[in-house]
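Reader: I am new to this structure. Please show me how to read it.

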Amino acid sequence: MLLTTALVLSGPLSVFADTSSDISAANAARESAQNSLNSASSKLSELENEKTALMSYLAELNASVTDLSEQLTDLNGQIEDKRFEIDREKASIVRAQNAEAAQYDDMSTRIRYMYENSSTLLESLLKVGSISDFLNRTEEIRQIQNYDREALKNYTETRQSIEQKKADLEEDMAELETLLTETEVKKGEMEALIAETDQKIAAYTANISAEEMEVSELQAEIDKQMGIIANLEAKAAEEEEARRKAEEEAAKAEQLAKEAELNAQAQEKAEANKKEEDTTVDKDAGSKAESPTTSMTLLGNFRLTAYCDCAKCCGPWAGGHTASGTKPKAGRTVAMNDIPFGTRLYINGVIYTVEDRGTPYGHVDIFMDSHSACYVFGDQRADVFIVN
């Protein structure tokens, strides 16, 4: 019997152990995937933060390039203005040079004329009628000479002033062109930084996409393991229920085996006692026994109590069937452990049948119709015989 019980229990317990091992493995896989997911999520967050910082930096670079472009536009405008002014001054210089040359030519012509015609001029001076006319004539010649010298001087100074202004403009032009070159170089550097930053952002975008894919795959793995765990837990619950039922069946089988053993012992005892002198009980008039004379064997002086099918006596089994599966009946049903169901007991002139459990061997619990009848019966002792 013990071997049978062990065989009944070993199967479900082994399966339950395997399922528990599978659940532990699934939980370990889920925890590993969760740790990897946490790491990937952290890395993804770092990449996104770095990408955001690069995007801000790129925006600043673009703003700087825009400013530099505006500066270049302004510088080009200033350079064009300077070129226009230089061209204008060049034209003024040409005009001044022409005027200077013309004045120089006129003056040279007059001087040459005066030099070539000096005798004629002297004669004309000597022919004047008075000293006053002579002085006036002399003053006119001097004024002409002074005018020529002053005009030549003015034209020369004007030309020099224009040339200086042209030189200043050309210097400003050189400075503007230098600034333009520097600005263009700076703009080129900014554009190179923009291109480099664009490449970095593209790399971060690719890394972010890869991390997002890994996060998605890890989450899918976690969901998969959670589903496996749920199925395994449901399977474990079913296996636990099977194990519980197996234990109940084993316990029931053990109890049946024990009862069978008790029946065999009682049968052996009855056969042994049968060799002794039989006891004959004569019944009085009105006796409840089935026949006037019955072959019986004394079991001993047992304790007697009573019970009914109320909740006080039977608890959750109130109103139900006996342990043997029969419906209890007053005057027939008694309860006692360690004796086979169906055994007939002779007690105080009445033959009862063992149909229930609940009291140990040596204590007979007699079924009554009501709890008040049980109360009246109380707690007694009497000789109990087994009817052969």
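**Reading the features**

Author: Start with one residue. Thr343 sits in the loop joining strand S3 (333-335) to strand S4 (344-347). Helices (H or I, at least four residues) and strands (E, at least two) are DSSP runs, numbered from the N terminus. This is a predicted model, where local features need pLDDT of at least 70 and side-chain atom pairs count only at pLDDT 80 or more, while totals for chains, interfaces and linings use all residues. Residues are numbered from 1 along each chain as its sequence is written, and side-chain values use heavy atoms, with hydrogens and water left out.

Reader: Is Thr343 buried or exposed?

Author: Buried means under 20% relative accessible area, exposed over 50%, and partly exposed in between (1.4 Å probe, protein chains only). Thr343 has a relative accessible area of 14%, so it is buried. Ala99, in helix H1 (residues 2-116), has 25% relative accessibility and therefore counts as partly exposed.

Reader: Which residues is Thr343 in contact with?

Author: Contact means heavy atoms within 4.5 Å. Leaving aside neighbours within four places in sequence, Thr343 is in contact with Tyr352, Thr353, Val354 and Ile386. Its side chain also reaches the backbone oxygen of Pro340 at 2.8 Å.

Reader: Which residues touch the most other members of the largest nonpolar core?

Author: A nonpolar core is a set of buried Ala, Val, Leu, Ile, Met, Phe, Trp, Tyr and Cys residues joined through side-chain atoms within 4.5 Å. The largest has 21 residues, and Leu345, Ile347, Val364 and Val384 touch the most other members. Two or more residues each come from strand S2 (295-307), S4, strand S5 (350-356), strand S6 (363-367), helix H5 (371-377) and strand S7 (380-387). S2 gives the largest share, 4 residues. Another core, of 9 residues, lies apart from it; Leu37, Ala40, Ile208 and Ile222 are among them.

Reader: How many aromatic pairs does the structure hold?

Author: Rings of Phe, Tyr and Trp (its six-membered ring) pair if their centres lie within 6.5 Å; planes under 30 degrees apart count as stacked, over 60 as edge-to-face and the rest as tilted. The structure holds 3 aromatic pairs. One of them, Tyr307 with Phe367, is edge-to-face, at 5.5 Å centre to centre and 75° between the planes. This pair links distant parts of the chain, 60 residues apart: Tyr307 is in strand S2 and Phe367 in strand S6. Tyr307 and Phe367 are both buried.

Conventions: Polar contact = N/O pair within 3.5 Å; in protein donor to acceptor, adjacent residues only side chain to side chain.
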